[in-house]
Amino acid sequence: MAETPLADVFVEMADTLVDDFDVIEFLHVLTERCVELLGVSAAGLLLTDQRDTLQMVAASSERTRLLELFQLQTDQGPCLDCFHTGQPVSVADLTQSTVRWPRFTAAAAEVGFAAVHALPMRLRSEVIGALNLFDVRPGALDEDKLRVGQALADVATIGLLQHRAIHRRDILTEQLQTALNSRVLIEQAKGVLAERLQVDVGQAFAILRDGARSRNRRLSELSQAIVDGSEQFATAPVT
């Protein structure tokens with residue numbers, strides 16, 4: 001395992017702050033780099049979605065993708081155990097695990113895999129998925145390679161959580177700006193109604209709210225319509 005390529009891969013995995021960061025491409029690259037660096041036959045990656053449901057998001061080969069999907073469909077396999085426990089699960093010879101995961105073992109053998117090593121994608125107590133390494137030959141993965149695999153999973157986890165945090169922050173900022181913009185529209189609509197209906201601003205707001213409810217429309221949407229003149233009010237002042 002050459003030092004320079006390994007260092008380059010860690011830099012590549014850490015580069016998640018660019019504007020055009022593509023999560024799916026990032027995860028596919030991760031599976032490919034695992035195959036190159038660790039000498040395994042294939043790699044796959046399962047992640048949780050917003051409903052805390054595991055999804056297959058990347059695989060280095062089609063047979064790996066299908067096997068990962070099979071695990072999810074049958075709710076059985078070392079990769080799922082790894083995710084649920086937050087601990088690595090290493091199976092050097094899948095033929096010895098027919099009792100524990102009978103359906104997965106049969107499916108893995110059918111596509112030519114004899115060993116699997118699942119590594120948790122975990123940051124402290126939060127587990128967001130599992131990085132899964134498959135081999136066509138039975139045998140344990142040496143400790144150095146397991147450490148590198150876990151390090152890659154850890155770096156990718158940090159990158160994904162960082163991206164998620166930035167995305168949430170952006171959504172929060174957007175929501176806040178939308179709220180501020182709506183507030184400006186509402187104030188403008190209150191002024192228009194107060195002048196048009198010869199009521200005070202408090203009464204205008206009550207009329208505006210009642211109008212939004214009776215029309216089943218958002219307050220900001222109705223305010224915009226009043227400001228641009230597309231909605232007319234001929235309502236007696238609220239007392």
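Visitor: So a crossing counts as right-handed if the near helix is turned clockwise from the far one by less than a right angle, and left-handed if anticlockwise. Which hand is the crossing of α3 and α5?

Guide: Right-handed. Helices here are DSSP runs (H or I, at least four residues; strands are E, at least two), numbered from the N terminus. This is a predicted model, where local features need pLDDT of at least 70 and side-chain atom pairs 80 or more, while totals for chains, interfaces and linings use all residues. Residues are numbered from 1 along each chain as its sequence is written, and side-chain values use heavy atoms, without hydrogens or water.

Visitor: At what angle do the axes of α3 and α5 cross?

Guide: Roughly 165°, with the axes of α3 (62-74) and α5 (102-110) coming within 10 Å. Axes are lines fitted to C-alpha atoms, for helices over the stretch in contact, and angles run from 0 to 180 degrees between N-to-C directions. The two helices are therefore roughly antiparallel (over 145 degrees; under 35 is roughly parallel, 65 to 115 roughly perpendicular, the rest oblique).

Visitor: Who makes the contact?

Guide: Leu-67, Phe-70, Gln-71 and Thr-74 of α3, with Arg-103, Phe-104, Ala-107 and Ala-108 of α5. Contact means heavy atoms within 4.5 Å.

Visitor: Which residues of α5 are buried?

Guide: Phe-104, Thr-105, Ala-107 and Ala-108; buried is under 20% relative accessible area, exposed over 50%, partly exposed in between (1.4 Å probe, protein chains only). Arg-103, Ala-109 and Glu-110 are exposed on the other side of α5.

Visitor: New topic: is Thr-48 buried or exposed?

Guide: Buried, at 14%. Thr-48 lies in β1 (42-48).
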